[in-house]
Amino acid sequence: MTTLPPRLPLTSGAPGSVRRPPRRRGGTPLVVAGGTLVAGVVLMALVSLVWTPQDPTATDAVNRLAAPSAQHWLGTDGLGRDIASMVLAGSRVPLLVGLGTVAVGFTIGLPIGIVAAMTDRGAGMWLMRGNDILQAFPALLLAIVLAAVFGPSTLTAVIALGLGLAPGVARVVRSGTLQVLSREYSLAARAAGRGPVYLAVRHVLPNIRGILIVQASVGFAIAILAEAALSFLGLGTPPPTASWGRMLQDGQSVLQIAPLTVLWPGAAVAVAVLGFNLLGDGLRDRFDPRMEVTR
Amino acid sequence: MLLNVLRRVGVFAVTVFVASLVVFFLLGVLPGDPARAQLGLQASEEQVQALREQLGVDRPLPVRYLEWIMGFFTGDMGVSYATRSPVAPQVLDALQVTLLLVLGGIGVAILIALPLGILAAVRHQRPDGTIFSGLSQLGISIPNFLAGLLLIAIFSVALGWLPSGGWQPPIAGVDFLRHIALPALALGLVNGAILARYTRAAVLEVMREDFMRTARAKGLKPASALVRHGLRNALVPVLTVTSIEFANLIIGAVVIETVFVVPGLGSTLIRAVANRDLIMIQSIVMCVVVLVLLVNLLVDLLRPVIDPRLRMPS
């Protein structure tokens, strides 16, 4: 009786064997780094709900543009407001705008993408043409126009940025849905007489959740940048609510004598955006390892 | 080929038409009365009505749309509600400034992105590749207006080398370059970081292609193979991203113009929004949308010129 040689593990690198990438269970360094930064910003927002070192809206004419001290950790701005408290309180608006933007963008983009993929040659084609037209309106431009029509507010910014995000979401969802619909299990479900709603809920959504999470993370980063820009232009969150963008606008007028007043809110915006970008990149690697090679 | 060009131009025309409807009717629902806003609460109803007639805001929306869109493409964009002067010369002057700024920004972005992206792709397995990735991530995360403020703090306030704002026309020569340097740098730095990442990805993708292996096998050195065969192929996705970035730069310029007090489309738009100057807002927004669509069309038409594989009928 002959004995068969023991089977080598697939990762041994033996001739003829296929080297499989190890399955990732924990987070990649990018997910960990991005997640940590995002968690930091979320923590700031949560802490600011119950505590800030000073009242972020209280002005102090005597202590204008004060240097960092025990009383004012990061100094004060041109109106004598405590910068540390404003940076802490200012973290709420970007997160709120990010959440709202992603919610609006997905509420519009997700159904458009799925319906466009499922009715690819008929209504789907027209839906995507409409999507292309919406894409010709850059999100920030739309936000400026809506601010002109309805007046500047956080809600206006959320709706405009969400509308700006939707075409991108629709495009990505359509492409993901088309892939899922070409798989055997989708064809089998169709052959078994399952309807489009069943297909969308049972097969499409679970299989495109990866790209949805990545898109949400990228959408957050875009929304935070755009909200800061809108507030900087005076078309975002109106005073007295603290906002990093408006802190930067206020800081510009005293840039020559107190450049640090723009540094802190600027760093806060950059850290928040960096966090969501890294998280998006890391998650993209995780859900689509092919991307890692080219990144 | 000709059919493809005609099809794309047709799609462009339809998109411009629908976009113009969206712009006009979105702003047509603007609450408030521009005539009352200009004359104030003290003015009599007769005076307000007279101004309404003069501005043409008393007529039905479809009539106003037709007049506006035909005027827009024939160079008569109407009269500003705020300044009572013709809109077209103001928009065209501002457009020139914005285009110069955007071209400067895209020049800076390409100057940063191409060498860095190619270098990072060629050296992607070395530690400096990781440093590059980190730097470009940081670049993407910084808002362009923050980059502008930091550049002012360094080059205008601390070093005193360049002006912190204002604008000079190209005819001013060196003064023009001194004034455009910081805004173009602020625009280009952030977009350069984005473009560099795409360039790196595109070059890496091309370096794995069979024709690159063939080029090496026939004796070409890595650098020659990349220059003679790789870059042309990597240029197609880079060109597409550049067109998307061009649209982003136009929008980025809106904010940058405010930072550097540049009299372009962006600062004119923000002023028009503050004055609720509807006709000015409409014309500027339409101008930006047409510009974005036009760039997309040009890139669509240019891609088959660069990559012959795209000339195949789809």
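Reply: Let us begin with terms: a residue counts as buried under 20% relative accessible area and as exposed over 50%. Please keep in mind throughout that this is a predicted model.

Me: Which residues are buried in helix 4 of chain B?

Reply: In helix 4 of chain B, the buried residues are Arg64(B), Tyr65(B), Trp68(B), Ile69(B), Gly71(B) and Phe72(B). Because they cover an arc of only 165 degrees around the axis, they fall on the same side of that helix. On the other side, Pro62(B), Met70(B), Phe73(B) and Thr74(B) are exposed.

Me: What do the buried residues of helix 4 of chain B pack against?

Reply: They pack against helix 1 (2-28) and helix 12 (278-306) of chain B. Helix 4 itself, residues 61-74 of chain B, reaches 20 Å from its first C-alpha to its last, close to the 20 Å expected for its 14 residues at 1.5 Å a residue. Just after this helix, Gly75(B) takes a positive phi of about 85 degrees.

Me: Where is confidence lowest in chain A, and where is it highest?

Reply: The general idea is that pLDDT gives the predictor's confidence in each residue, from 0 to 100. In chain A, helix 12 (residues 290-294) is lowest, at a mean of 47, whereas helix 3 (residues 92-118) is highest, at 94. Over residues 1-20 of chain A the pLDDT is below 50, and this stretch has ten contacts in the model beyond near neighbours in sequence. For chain A as a whole, the mean pLDDT is 83, and 88% of its residues reach 70 or more.

Conventions. Residues numbered from 1 in each chain as written. Chains lettered and ligands numbered in written order. Predicted model: local features only at pLDDT ≥ 70, side-chain atom pairs only at ≥ 80, totals over all residues. Heavy atoms only, no water. Helix = DSSP H or I, 4+ residues; strand = E, 2+ residues; numbered from the N terminus. Expected span 1.5 Å × (residues − 1). Buried < 20%, exposed > 50% of the residue type's maximum accessible area, 1.4 Å probe, protein only. Arc of directions from axis to C-beta. Contact = heavy atoms within 4.5 Å.
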